[in-house]
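Have a look at it alongside me.

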Amino acid sequence: MRLTTTSFVLALCLLVALVSGAGAQQPPARGIVNVTGQLYRAQNNNHYTVFLVTPDGIIMSDPINRDFARWLKAEIASRFKVPVRYVLYTHRDWDHASGGVVFADTAEFVGHRNMLAALAPPAGNPPLPADAVKMDANRNALVERAEATGAIAERFALFDYNRDEVVSGAEIARGSVSDVNPPSVTFTDRHTVTLGGKRVTMIHLGTAHADDSSVLHFPDERAVFSADILQVKRLPGGLAPTVGAWIDALAIINALDFEHALTGHALAGTKKDAADTLRYLEDISSGVAAGIGAGRSLAEIQKTLMLEAYKGFERWDTTREAHIAAVYATMKGTRPGASAGTR
Ligand SMILES: [Zn+2]
């Protein structure tokens, strides 16, 4: 009788584990769509990259992560029969730039020079940030694997540069970039790659979002690709370090000749969408400046500067007030050390 009950409970546990396990292992949404000519956009859930097929091989952008990169490599091999010759990074962030090692047997890696500093070994001895201090139960100023929660738990191995099973303040400051294959070729302002009669130019976008962000311009396809800075019918995640840096970056993109606006997240669009994002940044800037000029408080400006023209954009309802606060702090000179990392 006792044995039967135990067996029943075990069977029930197994069933629950199987059901919840099946739920957690939803396969990622992946696909490849043609943009124009030999230019394709590839998807991994809500992350996107692009690649251009030439007779001599492929020029691609962000590898996104190792698992996706393996999938993409196999798809490319079976569909196009040519190897990936170039991986051109939009910026260093782990969720776009990880996994490039999958293409290291055939490809050269190109990124802005500032990527190298961002990927350098952890340096100095900065204190743990506030959220990590909360995890540090034994108060040794380090986060052990068992203490980690949230993003540090999920990506522990990507933070743990020296693989000692603890994460330090310096490793957290560096970020979860341990699977980013560093660029072997770097540039400062712009860099053009040519292959099989095709061209792609990378242009540095300044300091918006991250100080190593570049837009990829495909002149013959009249397309641009930018992850995290260019958005289509979607407000930027944050306006770090300043709204001025964002206006500068969108102005660089909008000055290019293109029709296809390809993004690292969500929708792709057209040049009009890139112009809309620039106009949003200019509208929020002038709106906040006018409010400050009229002696209004931040709360009053947040209540009156509705930016209705962008009401249909993704994140308008969740980020409009935060953007106004960020622009207000920049203009008042009270913005605390703003950090990048929002996408
Ligand atoms: Zn990013």
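My entries below go from the metal site to the strands, a helix and the cores.

**Ground rules.** I am working with a predicted model, where local features need pLDDT of at least 70 and side-chain atom pairs count only at pLDDT 80 or more, while totals for chains, interfaces and linings use all residues. Residues are numbered from 1 along each chain as its sequence is written, and side-chain values use heavy atoms, with hydrogens and water left out.

**Entry 1, the zinc site.** I looked up which residues coordinate the zinc ion. They are H91 (NE2), D93 (OD), H209 (NE2) and D228 (OD), at 2.0 to 2.1 Å. Donors here are N, O and S atoms within 2.8 Å of the metal (3.2 Å for Na, K and Ca); water is not among the atoms, so sites may look incomplete. Why is the arrangement irregular? The angles subtended by the four donor atoms run from 92 to 164°, which makes it so.

Helices (H or I, at least four residues) and strands (E, at least two) are DSSP runs, numbered from the N terminus. D93 counts as buried because its relative accessibility is 13%, and H209 counts as buried at 1%. Buried means under 20% relative accessible area, exposed over 50%, and partly exposed in between (1.4 Å probe, protein chains only).

**Entry 2, the strands.** I followed an open sheet of six strands, ordered β10-β11-β12-β13-β14-β15 with mixed pairing. Its edge strands, β10 (190-195) and β15 (269-270), each pair on one side only. Two strands pair if DSSP finds at least two bridges between them. Six bridges hold β10 and β11 in antiparallel pairing, with H191 partnered by M202 in β11. These two strands form a hairpin with two residues between them, and G196 in the turn has a positive phi of about 55°.

Elsewhere, β3 (residues 47-54) and β4 (residues 57-60) run antiparallel, joined by four bridges. β4 and β5 run parallel over three bridges.

Just after α12, G333 takes a positive phi of about 75°.

A nonpolar core is a set of buried Ala, Val, Leu, Ile, Met, Phe, Trp, Tyr and Cys residues joined through side-chain atoms within 4.5 Å. The largest has 35 residues, and I229, I253, L281, I284 and V288 have the most contacts inside it. α9, α10 and α12 are the elements that give two or more residues to this core, and α9 gives the most, with seven. Leaving aside residues up to four places away in sequence, I229 touches several residues, including the zinc ligand H209; contact means heavy atoms within 4.5 Å.

Definitions and conventions: Four donors count as tetrahedral if all angles lie between 85 and 135 degrees; four count as square planar and six as octahedral if opposite donors are over 155 degrees apart and all others between 65 and 115; anything else is irregular.
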